[in-house]
Amino acid sequence: MGKTTFTALLIKSLLSHSKKSLLVIDADPASNLAEVLGISVPTTVSKVIDKTKRYVEKKPDTYNAGALLEYQLWDEALFENSSFNFLTMGYTTGRGCYCLINEVLTYLLANLKSYFDLVILDEEAGLEHISRNTKRPINLNFLVTDPSQMGFQTVRRIVELSHDLQSPIDKFLLVGNMFSDVHHQESLRKLAQDLQIDLLGVIPFDNTIAHTNLQGDSLLEIPLTSPTYQKIDAILSQLLKTLKIP
Ligand SMILES: Nc1ncnc2c1ncn2[C@@H]1O[C@H](COP(=O)(O)OP(=O)(O)OP(=O)(O)O)[C@@H](O)[C@H]1O
Ligand SMILES: [Mg+2]
């Protein structure tokens with residue numbers, strides 16, 4: 001638990017460190033990253049896909065549906081402000097359609113390098129996005145877990161599944177969320193060691209985070225003095241240094 005919260009605070013930190021062009025994608029069908037960031041997206045990628053599909057059905061087979069879809073996505077689904085760009089993938093009730101959303105996301109990720117320096121994805125919980133997406137160019141995969149057996153098991157399974165599938169993820173980075181007890185932190189350290197992945201750091205339970213969420217306020221507005229933000233900011237600074245990202 002804590003993926004979306006971590007993503008939001010990582011974005012806040014990135015915006016303060018780097019002038020890089022940034023695209024954020026909410027790839028969880030139960031999307032809530034936009035709310036957490038306090039932004040309002042015009043529409044979702046899945047809605048644009050549905051609309052384009054209905055339009056293309058009436059056209060001859062030779063019609064360039066891909067080009068139309070791509071144009072419509074940028075034109076209708078992209079949220080832009082002076083700091084970052086944002087897409088919500090959304091969900092569909094149509095049969096078999098999730099495959100299409102998934103294909104579109106894979107296509108976008110493969111073709112975005114020329115537009116953005118950095119792309120951040122907030123994924124759904126669990127393993128499906130790993131097994132579905134063996135062709136996506138993902139450089140860093142942050143694994144956020146709370147101190148629970150379920151969380152630890154999911155981390156273990158994601159890493160093992162990625163090895164089994166020879167997925168193209170370059171690096172896993174483990175983050176503990178809501179870790180206050182030192183014994184729990186030690187268990188997390190052992191997990192990282194066991195899986196041979198880096199433990200980036202741990203974030204404590206923070207009432208300000210819970211309060212901000214409950215109030216419906218943007219996590220981007222959380223004070224710079226928030227210990228949780230400072231922790232994530234320190235994690236990011238260290239990471240940018242290690243990876244030599246200016
Ligand atoms: N460090 C923290 N301290 C206090 N509350 C937190 C902390 N991290 C997350 N929360 C709260 O826990 C809830 C779940 O967090 P979040 O939405 O980030 O998890 P998630 O992993 O994205 O969940 P999902 O699997 O549903 O997408 C939210 O209400 C959030 O405000
Ligand atoms: Mg989430």
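Predicted model: local features only at pLDDT ≥ 70, side-chain atom pairs only at ≥ 80, totals over all residues.
**Figure 1. The whole protein.** The C-alpha trace spans about 65 × 40 × 35 Å along its principal axes. The protein has ten helices and seven strands, which are DSSP runs numbered from the N terminus (helices: H or I, at least four residues; strands: E, at least two). Of the 246 residues, 30% are buried; a residue is buried if 20 or more other C-beta atoms, placed from the backbone, lie within 10 Å of its own, exposed if 12 or fewer do, and partly exposed in between.

Figure 2. Domain 1 (1-20 + 121-246) and domain 2 (31-116) divide the protein, with bounds that come from an automatic or database domain assignment. Their centres, taken over C-alpha atoms, are separated by 25 Å. The contact takes 16 residues from domain 1 and eleven residues from domain 2, two residues being in contact if their C-beta atoms, placed from the backbone, lie within 7 Å. On the side of domain 1 that touches domain 2, helix α1 (residues 3-17) gives the largest share, five residues.

**Figure 3. The largest nonpolar core.** A nonpolar core is a set of buried Ala, Val, Leu, Ile, Met, Phe, Trp, Tyr and Cys residues joined through C-beta atoms within 7 Å, and the largest one here has 49 residues, with Ile25, Val175 and Ile232 having the most contacts inside it. Helix α1 gives the most to this core, six residues, and the core draws at least three residues from each of domain 1 and domain 2. Leaving aside neighbours within four places in sequence, Val175 is in contact with Phe6, Phe142, Leu143, Val144, Leu200, Gly201 and Ile203. In soluble globular proteins, nonpolar side chains tend to be buried together.

**Figure 4. The surroundings of ligand 1.** Ligand 1 is surrounded by 16 residues, of which the closest are Lys3, Thr4, Thr5, Ala125 and Asn213; a residue counts as near a molecule if its C-beta atom, placed from the backbone, lies within 6 Å of it. Helices α1 and α9 (207-215) each supply at least two residues of this shell.

**Figure 5. Glu123 in its loop.** Glu123 is found in the loop between β4 (118-122) and α6 (128-132), and it counts as buried because it has 20 C-beta neighbours inside 10 Å. Not counting residues up to four places away in sequence, Glu123 touches Ala27, Asp28 and His129.

**Figure 6. Ala34 in helix α2.** Ala34 has its place in helix α2 (residues 33-37), and because it has 17 C-beta neighbours inside 10 Å, Ala34 counts as partly exposed. Not counting residues up to four places away in sequence, Ala34 touches Asp26, Ile39, Ser40, Val41, Phe86 and Thr88.

Technical notes
Residues numbered from 1 in each chain as written. Chains lettered and ligands numbered in written order.
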